[in-house]
Amino acid sequence: MDPSAESPPGTLPGEESPEMDLSHRFSKEELALLYQEVLYTILHRLGKPKQQHIGDSQELYSYVQKAFGMDAEEHSVIMQQVMELESPIYCLKATVKEAKGILGKDVSGLSDPYCLLGIQARGQEPAHPDHKKRMKAVVKDLIPEDQIHRTQVIKQTLSPVWNETFILEFKDVETASFHLDMWDSDVVESMRHKLGELTDLHGLKRIFKDARKDKGQDDFLGNVVVRLKDLHCWSDQWYQLEPRTETYPERGHCHLQFLLTHKKRATTSSRTQPSYTVHRHLLQQLVSHEILQHQAGSTSWDGELSSHASTVLYLHATQKDLSDFHQDMAQWLAYSKLYQSLEFNSSCLLQQITSIEYRWVQERLRPEQKAELAESFQSLLTYGVSLIRRFRIVFPLSVPRSKERLQSLLRVLVQMCKTKAFHELCTPSPDLTQMVSTALKSGTTEWFHMQKQHLKPMVKSIEENSKALSKLLQEVIEDLKQCQKIWNKLFSTNLKLNIFSIAYLELESLVAEHVQEQLHEVDSSMSRPTAESLFDLYRKLQELCQMRDSLPNRDGPLALSNFHQWFEEALPLWLQKAYTTTLERAQRAIQMDQLKPYGYHKHSTSTVDLSTCYAQVVTTWQQLNWPDPEKAFMIMVNLLEDMCKISLMYCKLIKERAEALSLSEQNEGEAANKLCIVVNNIEQLRLLMLKLPSQLDWAQLEQRTRGIIDPQQIQNALHNQLHSTVACLDHEVQDVVQALATKLEKGIARHIQELSSSSNTQKPEDSITPLMKFLESELQYLNEHLVQENFKSLLTLLWQHTLSVLSAAQGPQVPSVQHCQRLFCALKSLELCFHAEGCGLPLETLHSAAFQRLESHLALCSATSRKLIQKYFSNRIQQQLDTSSEKYGAVTIKALYRPLEQKLRVEVLNATNLIPLDSDAHPGAPARVPRGGGPDHPVQEERAAPPLRRSFRLLDPPREVPAGGGLSAADRV
């Protein structure tokens, strides 16, 4: 446990609060008696030290002197007292557990083993230790009879089990040795009985051997000799049974357990208090010292005792002959009490309570021990629940491993309440889940009032109160997030409790009550700063309400269900603030805009700023998320009106800004540049406006207002208003594009005029070069600085203007062929230029009716006579091919009119598809020319398409004739 992790509220690390439990500390007299006990334990230590223990007694004296806080003089006085006390009676607690693989001495091949054991006060080594035939002394020969102990006889077995314990006293551990002899009990039996048990040849040999020995003499099975100075305080192992002679070297093994203990200890504590109580006090003192040592080094004690402390406690437990159960209980009592006053990891308690549960036998405890254990359970339960009640302060997430420490505490409490000891001693057993739930509720309320007091403003004003409320709500929201994401898993896993649900229901009610109290002080004529501070409060309440979606059960309304109604008076001020802020930022952005491209974009910085402002308006709408659908619709209408106003205002101001910058620079090229940026900015603004329905989620609003707001009203108030504003922006774009086009039209007209007046000797391709260079330069620049949509709009205007200029360039009189050729070449080149291989205007736009008329006329005027005649005849022939069959057939004629002679020469060439009138189904009609009554054409008999090649000359009065002097092609009529 980290320093200050579980200190009481308001207590600094290392300080003692008035409420801190100091019951683990002893009075000076109690400490002196306990110090006497530990010095006595070290002075009269027994057994060989284990590898992990301290063997040097002086080290142990130095350690306990520091642990007890004794100065040199105090240590000397108490040490002198200890040395003057009577030494204890040293005892060896030997347990003969079992044996295996022993010899079978009976006729049946089995034995009836028993053991004799005792302690030899002074060992005697054999005269010849290496002599293989040496005789080993037996217990009854070396030890007085009254000091010999005997086990029971186990009948007919080679693996006897005794589990018998004996207390053997001795005086000097250095010279004493433990002896055990194992014998086969021999009862006098008749020969008939022995023969009945005979099973093999070896049994027969045993019968003969028994016949030679004395009646009732037991057989020796082996012995064990152990020097006490070679024993640890506690040991448990198998020993090989040694033979008295080497006839049978393998005699099996015996399982022995040894414990070196004291009897009649002379210390005051040992004489007046139970052993486990003294041991618990000693453990308590040493553990306190260990914890304080770790705290001094700014580290957390993990429950692991030092080698010195472990050695002292091990010696004391063995000397006092404390059972494992009593040691576990002493450790539990000490640790559970220390946990309530010092900081260390509660996982140490889990091991102790698990051990108690494993070894629990209620009858092994005296009534006072039961009461003490029950009191420790209740005390730790009460303290643990109090820590859980204040878990936000005791286990803050800012301190490392707080989560693990709380989890450890919960596991200890849950495990403790599950044990048989707890249920048998603590009746009626408390409901841990209910206790923790109640504690969490009260702790949440306490934490809220503490935070409210902590955040209470020094200056009492509406604005300061609103800010304090917002900070308080932020703390509440952060706490609930921690409960949901971190703490909920711990409580759910260990106690099946949803701490988020408990905390939310408590805090939601407390927040609603507190906020309403504060808002009652706000009047309807609130100031703008007050309204702004209330907006932040509204957002925090909104976030808090949204968290209720995570509640497992949401039956019934909550205290904050209609919190938005508390802010209806502030809502108009919030909307006005949004409009004013956006307007001011837009105006400031225009004033700062130099109308230069922003980065890789084609628009300038003011459009970026305006986009940010609109995004903030969208965010404001999303943050409001007004629950009332009808009111939400009115808010949307208000926001849309404000953005439309700002958009139109922007168009006006950005054009004024461009004019101002152009006047200051006095550069026609830069003026065009500014216009390009202006048109791009307005186009970007138009795109922003078109995105509003999706960004503001009009579809969701229409769904919410279904059945409340008439759809036609929504169409008029939202969609129509937006479309009207977009149309205005489109008009603004067209105006600026038209202005750009006007600047270029003068150059195009000048170059076409120069083209028209150029010399006839110059090639058409050379004469149009200046025009094409001019367009290439200007259009390339505009393409780079205008967005694609605006550039195409500009191209459309320029194309229309170019066609009109080319049409006008023909002049009122008939132009020359060279002049028309130049214009026609210019037209075709301009068509390629404006199309730009598909990157410019589409062919459908280029090939307008005006273009087709102009192209056709220029093509005719620029052609030679030969080409015109060819074209004329080709057209006439095509007309004949396209002519459909007539009702009465067709006649092909060739006519020529001579104006001077006033004669029309008609040549009838042939006839086709004539109607058959004769009986033989062939036509026989003559050809008649009804002009001046000429002679009939001879009748061609029996032919549907007769060749009628005849010529006629007819007189005719003067009349208008086509230019060229007459008909020059065959007409089919």
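Guide: A residue is called buried when its relative accessible area is under 20%, exposed when it is over 50%, and partly exposed in between, with a 1.4 Å probe and protein chains only. This is a predicted model, in which local features need pLDDT of at least 70 and side-chain atom pairs count only at pLDDT 80 or more, while totals for chains, interfaces and linings use all residues. Residues are numbered from 1 along each chain as its sequence is written, and side-chain values use heavy atoms, with hydrogens and water left out.

Visitor: How many helices and strands does the secondary structure of the protein come to?

Guide: Helices (H or I, at least four residues) and strands (E, at least two) are DSSP runs, numbered from the N terminus. The protein has 973 residues, of which 45% count as buried, and its secondary structure comes to 32 helices and 12 strands.

Visitor: Among contacts between residues at least 6 apart in sequence, what percentage join residues at least 24 apart?

Guide: A contact here means heavy atoms within 4.5 Å. Among the contacts in the protein that join residues at least 6 apart in sequence, the share joining residues at least 24 apart is 78%.

Visitor: At roughly what angle do the axes of helix 1 and helix 8 cross?

Guide: Axes are lines fitted to C-alpha atoms, for helices over the stretch in contact, and angles run from 0 to 180 degrees between N-to-C directions. Angles under 35 degrees count as roughly parallel, over 145 as roughly antiparallel, 65 to 115 as roughly perpendicular and the rest as oblique, and helix 1 and helix 8 are therefore roughly perpendicular to each other. The axes of helix 1 (residues 28-43) and helix 8 (residues 275-296) come within 11 Å, and they cross at roughly 100 degrees.

Visitor: Which residues in helix 8 do Leu31, Leu34, Glu37 and Val38 in helix 1 meet?

Guide: These four residues of helix 1 find their partners on the other helix, where they meet Val278, His281, Leu282 and Gln285.

Visitor: How many nonpolar, polar and charged residues does the contact of helix 1 with helix 8 have?

Guide: Ala, Val, Leu, Ile, Met, Phe, Trp, Tyr, Cys and Pro count as nonpolar, Asp, Glu, Lys and Arg as charged, and the others, Gly among them, as polar. Sorted by class in this way, the contact of helix 1 with helix 8 has 5 nonpolar, 2 polar and 1 charged residues.

Visitor: How many residues of helix 9 are buried?

Guide: The buried residues of helix 9 include Ala309, Val312, Tyr314 and His316, and they pack against several elements, among them helix 1, helix 2 (57-67) and helix 8. Helix 9 is mostly covered, and out of its 13 residues the number buried is 10.

Visitor: How many aromatic pairs does a search of the whole structure find?

Guide: Rings of Phe, Tyr and Trp (its six-membered ring) pair if their centres lie within 6.5 Å, and planes under 30 degrees apart count as stacked, over 60 as edge-to-face and the rest as tilted. The number of aromatic pairs found by a search of the whole structure is 22.

Visitor: Where do tyrosine 35 and phenylalanine 68 lie?

Guide: Their rings have centres 5.2 Å apart and planes at 55 degrees, so the pair is tilted. The pair ties together parts that are 33 residues apart in sequence, because tyrosine 35 lies in helix 1 and phenylalanine 68 in the loop between helix 2 and helix 3 (72-84).

Visitor: Where do tryptophan 799 and phenylalanine 834 lie?

Guide: The rings of tryptophan 799 and phenylalanine 834 have their centres 5.2 Å apart and their planes at 55 degrees, so this pair is tilted. The pair ties together parts 35 residues apart in sequence, because tryptophan 799 lies in helix 28 (residues 788-808) and phenylalanine 834 in helix 29 (residues 817-835).

Visitor: Which residues does isoleucine 768 touch, not counting residues up to four places away in sequence?

Guide: Isoleucine 768 is found in the loop between helix 26 (764-767) and helix 27 (769-785), and at 6% relative accessibility isoleucine 768 counts as buried. Not counting residues up to four places away in sequence, isoleucine 768 touches Leu755, Arg822, Cys825, Ala826 and Ser829.

Visitor: What is the relative accessible area of glutamate 837?

Guide: Glutamate 837 lies in the loop between helix 29 and helix 30 (843-846), and its phi is positive, near 55 degrees. Glutamate 837 is exposed, with a relative accessible area of 78%.
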